[in-house]
Amino acid sequence: MQTAPPVPRRASRPRADALRNRERILTAAREMFVEFGPEVPFDEIARRAGVGNATVYRNFPDRDALASEVVCWVMDRTAEDAERALAESGDAFEALSRFVHTAADERISALCPMAAGAFDKHHPDLEAARERVGRLIAELMDRACAAGQLRPDIGVGDLMIAVAQLSRPPAGTGCVSLDRFVHRHLQLFLDGLRAPARSELPGTTATMEDLRQS
């Protein structure tokens with residue numbers, strides 16, 4: 001007598017509450033990395049996320065796993081912001097400006113303290129996310145430059161360094177409490193990017209590759 005072959009089991013999908021917890025952990029980690037640096041204790045991240053320590057470790061077994069996931073998550077969200085900006089019609093510089101402000105809200109400066117981390121900076125997921133972000137931002141900048149609105153001596157690296165620096169609060173200062181200053185200072189920076197340039201910049205334009213090697 002032959003037995004029926006086993007029915008393949010479908011891969012279980014994460015529960016909605018598990019996905020929400022993961023999102024809360026990433027959001028809390030992103031902000032705390034910005035505020036306190038990459039060595040912030042896991043229990044502090046768990047407290048801000050409103051979950052238990054076990055939930056954090058169940059999702060991210062060690063600091064490197066959490067740090068690399070935060071970097072990829074922030075870069076993916078930033079790329080999505082750039083895609084939405086590219087889909088806009090109308091003023092090219094205004095689309096670039098809206099992207100810059102949105103990228104600051106994504107806490108792109110969270111990537112800065114991660115740059116010195118021990119996780120694999122050449123992981124395929126990270127490489128793909130980095131390439132996607134760089135390509136999309138370059139398209140936004142090229143469009144504004146072609147419209148005669150963006151000064152031509154600015155590279156993608158210049159833009160991202162400025163956004164990261166201007167959106168990073170002093171150590172120990174809450175992100176949210178500094179947001180009103182961040183967007184004010186970003187607007188000052190953006191006004192300086194408009195063509196025609198009123199000064200000659202020292203040095204050479206910075207690229208995404210420059211950021212990788214720094």
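How far apart do the end C-alpha atoms of residues 41-60 lie, and how much of the span is helix and how much strand? I looked this up and found the end C-alpha atoms 13 Å apart. The span is 75% helix and 0% strand. I note that the model is a predicted one.

**Whole chain**

I then looked at the protein chain as a whole. Its secondary structure comes to ten helices and zero strands. Read from the N terminus on, the elements run α-α-α-α-α-α-α-α-α-α. The chain has 214 residues, and 40% of them count as buried. I also looked up contacts between residues at least 6 apart in sequence: 75% of these join residues at least 24 apart.

**Helices α1 and α2**

Next I turned to a pair of helices. Two packed helices are described by the angle between their axes and the distance between the axes. I looked up both values for this pair. Helix α1 covers residues 16-36 and helix α2 covers residues 42-49. They pack at an angle of about 125°, and their axes are 8 Å apart. That angle makes α1 oblique to α2. I recorded the crossing of α1 and α2 as right-handed.

Which residues make the contact between α1 and α2? On the α1 side I listed R24, I25, A28, A29, E31, M32, F33, E35 and F36. On the α2 side I listed E44, I45, R48 and A49. Sorted by class, the contact has eight nonpolar residues, five charged residues and no polar ones.

**R107**

I went on to a residue in a loop. R107 lies between α5 (92-105) and α6 (111-114). R107 has a positive phi of about 60°, although it is not a glycine. Is R107 buried or exposed? I found a relative accessibility of 7% for R107. The cut-off for buried is under 20%, so R107 counts as buried.

**A195 and P196**

My last entry concerns a peptide bond. Which residues does the cis peptide bond join? The cis bond joins A195 and P196, with omega at about 0°. I placed P196 in the loop between α9 (175-193) and α10 (208-213).

Note on methods:
Residues numbered from 1 in each chain as written. Predicted model: local features only at pLDDT ≥ 70, side-chain atom pairs only at ≥ 80, totals over all residues. Heavy atoms only, no water. Helix = DSSP H or I, 4+ residues; strand = E, 2+ residues; numbered from the N terminus. Axes fitted to C-alpha atoms, helices over the stretch in contact; angles between N-to-C directions. Parallel < 35°, antiparallel > 145°, perpendicular 65-115°, else oblique. Left-handed = near helix turned anticlockwise from the far one by under 90°. Contact = heavy atoms within 4.5 Å. Nonpolar A, V, L, I, M, F, W, Y, C, P; charged D, E, K, R; others polar. Buried < 20%, exposed > 50% of the residue type's maximum accessible area, 1.4 Å probe, protein only.
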